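Dear colleague,

Please find below the structure that I am handing over to you. My findings follow it, and I would be grateful if you read them with the structure open.

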Amino acid sequence: MVYRCLECGAEYGIDQLLYICPQCQGLFLLEDKAADRLRRHPGSFWQRLFNYRKMLNAPAVKGIFLYHELIAPVIPPDDIIFLGEGHTPQVAANSRLQDEVGMAFGYKNDGQNPSASFKDRGMAAALSYLNYLIRTRNLEGVLAICASTGDTSAAAALYAAYLGDRLASAVLLPHGKVTPQQLSQPLGSGARVFEIPGVFDDCMRVVEALSERYHVALLNSKNSWRIRGQESYAYEIAQWYDFHLHNKVIVVPIGNAGNITAVLEGLLRCHDLGIIDSLPRVLGVQSHHADPVFRYYQEQNPTKRIFVPVTVKASVAQAAMIGRPVSMPRVIHRVEEYLRRAGEGSFAVVQVTEQEIMDAMLLANRNGHIACTQGGESLAGLQAALRAGLVRRDEEAVLDATAHALKFVSFQQMYFDNSFPPEFEVIPKPEYQNHPRLLTPQVNLASGSPSSPVEQQAFTQDMVKQLAAILKLKSKR
Ligand SMILES: Cc1ncc(COP(=O)(O)O)c(C=O)c1O
Ligand SMILES: [Zn+2]
């Protein structure tokens with residue numbers, strides 16, 4: 001495998017840690033120069049192999065490396081790190097929710113990865129590669145570093161912690177712009193955690209400059225091993241549908257644009273090898289408060305498109321609140337190829353409001369899902385695409401719930417309490433608000449809560465009576 005510069009085409013060996021082209025500063029994608037040997041087998045061979053591997057119990061193929069040949073055949077199985085990532089469940093929306101939205105769809109719950117977001121897929125690849133490099137090059141005391149909107153740092157710190165003394169990790173976060181749950185994750189994993197005033201884009205500039213001047217292992221998605229690992233999301237969807245993706249739509253929220261790159265790249269790779277016979281529609285979603293990719297594709301004439309970073313505003317899809325997506329050149333590159341192969345309309349980016357994101361997340365979760373705000377963004381995006389005629393009602397969509405709902409409960413709480421600062425522009429719908437109700441005992445309790453058997457009996461009777469009245473329960477007798 002080699003690093004291939006997307007700008008000047010130069011190639012570099014993977015025996016060094018490289019993130020951008022030393023000649024032209026261009027971004028890389030990894031290229032398997034021996035990919036021709038994969039083409040010697042028909043697609044049906046790979047389908048059977050991947051299906052067979054699902055039955056095996058070896059840790060090296062339990063996660064994303066079930067697709068070892070597609071992701072990183074250069075990493076020996078013994079160096080692969082498996083922390084339980086990948087093969088996340090795909091959960092169909094119930095009929096009530098499908099009726100409300102107007103088409104068949106389901107969530108693929110990437111919040112059910114070990115650090116509760118899709119980032120674990122990329123980290124499993126990046127850290128397995130680092131593990132391999134550390135062993136074969138006798139590297140000592142490597143420091144892995146990343147900027148993050150919360151989930152990259154949680155995943156990086158988790159995988160680095162697993163490597164123990166071989167690797168230390170440091171993460172850089174925008175102060176006050178990651179949730180308390182996300183902040184607790186790298187702290188718990190023992191990473192050095194630094195916060196700076198500003199937004200993610202400011203953090204990113206710092207780690208970019210740091211990685212240019214010092215020996216550090218950059219774990220942001222500039223690191224092309226991350227992209228490879230995240231391709232597994234697309235492979236799993238293909239396998240779920242028995243490798244038939246005709247009439248399917250994959251919906252992905254876009255922040256730094258690593259995930260959408262990986263999904264497109266993964267689908268193209270499968271198609272290239274004949275593992276899938278048709279390419280599905282891919283839909284990216286952005287909030288109107290952080291929408292540089294949407295704006296770029298608003299211009300219909302490809303030759304007139306100019307990428308302009310935006311200054312982000314407060315967003316409930318905080319993990320995707322990025323105005324200068326690092327992977328934009330990769331997106332442009334891969335979308336061009338995707339449209340060429342899959343045709344007009346096979347890729348689009350839609351824009352949704354903060355209000356739509358929150359409402360969609362609560363709608364999904366009130367129907368048995370565990371979508372985070374970015375998962376809400378996926379559903380809001382599907383609804384927007386239906387309204388705009390970009391998706392047909394007879395298609396079937398897979399929505400990326402990129403993280404677990406529990407990481408973003410602070411936004412749910414703001415919705416329930418109607419306490420969003422005005423810049424979010426979210427007005428709660430009363431039917432989605434929910435609060436706990438404290439029951440007040442109507443019996444005398446010496447210490448405020450029941451303490452003697454007599455009090456416990458009276459208290460229980462009192463609570464039963466109150467609950468039965470509030471819930472309008474019918475008596476059995
Ligand atoms: C939960 C979640 N969803 C979506 C995104 C956006 O993904 P990407 O940055 O790869 O576009 C991120 C991170 O940036 C994230 O943490
Ligand atoms: Zn270059």
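This is a predicted model: local features need pLDDT of at least 70, side-chain atom pairs count only at pLDDT 80 or more; totals for chains, interfaces and linings use all residues.

Cys8 is found in the loop between strand S1 (2-5) and strand S2 (11-13), while Cys21 belongs to the loop between S2 and strand S3 (28-31), so the pair ties together parts that are 13 residues apart in sequence. Is Cys21 buried or exposed? With a relative accessible area of 1%, Cys21 is buried, because the limit for that class is under 20%. Cys8, in contrast, has a relative accessible area of 40% and is partly exposed.

A pair of helices

Helix H10 (residues 232-240) packs with helix H11 (residues 258-272) at an angle of about 50°, and their axes are 7 Å apart. That angle makes H10 oblique to H11. The crossing of H10 past H11 is right-handed. Which residues meet there? From H10 they are Tyr233, Ala234 and Tyr235; from H11 they are Val263, Gly266, Leu267, Arg269 and Cys270.

Backbone angles

Most residues other than glycine have a negative phi. Asp242, which is not a glycine, has a positive phi of about 55°. Asp242 lies in the loop between H10 and strand S10 (248-253). Lys472 is another residue other than glycine with a positive phi, near 50°. Lys472 is located in the segment after helix H17 (453-470), and its relative accessibility of 70% places it among the exposed residues.

A residue in helix H2

Finally, Phe45 is part of helix H2 (residues 43-53). The relative accessible area of Phe45 is 26%, and the residue is therefore partly exposed. Between the C-alpha atoms of Phe45 and Ile81 there is a separation of 26 Å, and the two residues are 36 residues apart along the chain.

With kind regards

Key:
Residues are numbered from 1 along each chain as its sequence is written. Chains are lettered from A and ligands numbered from 1 in the order in which they are written. Side-chain values use heavy atoms; hydrogens and water are left out. Helices (H or I, at least four residues) and strands (E, at least two) are DSSP runs, numbered from the N terminus. Buried means under 20% relative accessible area, exposed over 50%, partly exposed in between (1.4 Å probe, protein chains only). Axes are lines fitted to C-alpha atoms, for helices over the stretch in contact, and angles run from 0 to 180 degrees between N-to-C directions. Angles under 35 degrees count as roughly parallel, over 145 as roughly antiparallel, 65 to 115 as roughly perpendicular and the rest as oblique. A crossing is left-handed if the near helix is turned anticlockwise from the far one by less than a right angle, and right-handed if clockwise. Contact means heavy atoms within 4.5 Å.
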